[in-house]
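The points are numbered and may be read in order.

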Amino acid sequence: MYKNNITEYADELMKVAVSKCDNLEDAKDLVQETLLTALTSISKGKVISEPNY
């Protein structure tokens, strides 16, 4: 996975986060933190080949 592909997962992550969280704001925060962690990992050279939900 590359940095420019990370946003492809945002919608699916949001669906999962909403189903797990008590409110929309918490779900948004969770998705934001998840995407930031993924981008940081990719920037450090880590390869994310099979993202899990």
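1. Is D29 buried, partly exposed or exposed? D29 is partly exposed, with a relative accessible area of 38%; buried denotes under 20% relative accessible area, exposed over 50%, and partly exposed the range in between (1.4 Å probe, protein chains only). The residue belongs to helix α2, which spans residues 24-43. Helices here are DSSP runs of H or I with at least four residues, numbered from the N terminus.

2. A remark on the basis of these values is in order. The model is predicted, so that local features need pLDDT of at least 70 and side-chain atom pairs count only at pLDDT 80 or more, while totals for chains, interfaces and linings use all residues. Residues are numbered from 1 along each chain as its sequence is written, and side-chain values use heavy atoms, with hydrogens and water left out.

3. On surface charge, D22, D26, D29 and E33 form a patch of negative charge. Such a patch is made of residues with over 30% relative accessible area and no salt bridge, like charges being joined within 9 Å. Asp and Glu count as negative, whereas His and the chain ends are not counted. The place of a charge is taken as CG of Asp or CD of Glu. Accessible areas come from the Shrake-Rupley method with a 1.4 Å probe.

4. On charge pairing, a search of the whole structure returns one salt bridge, defined as a side-chain nitrogen of Lys or Arg within 4 Å of a carboxyl oxygen of Asp or Glu. The side chains of K28 and E25 meet in a salt bridge, at 3.7 Å from N to O. Side chains of opposite charge can pair when their charged atoms come close. K28 and E25 are three residues apart in helix α2, and therefore separated by about one helical turn. K28 is partly exposed at 38% relative accessible area, and E25 is likewise partly exposed, at 48%.

5. A10, in helix α1, is partly exposed at 21% relative accessibility; A10 and V31 are 21 residues apart in sequence and 7.1 Å apart in space, C-alpha to C-alpha. D29 and A17 are twelve residues apart in sequence, with 9.2 Å between their C-alpha atoms. L24, in helix α2, is partly exposed at 46% relative accessible area, and its C-alpha atom is separated by 9.2 Å from that of M14, ten residues away along the chain.

How values were computed:
Patches are made of residues with over 30% relative accessible area and no salt bridge: like charges are joined within 9 Å, nonpolar side chains (Val, Leu, Ile, Met, Phe, Trp, Tyr) within 5 Å. Helices (H or I, at least four residues) and strands (E, at least two) are DSSP runs, numbered from the N terminus.
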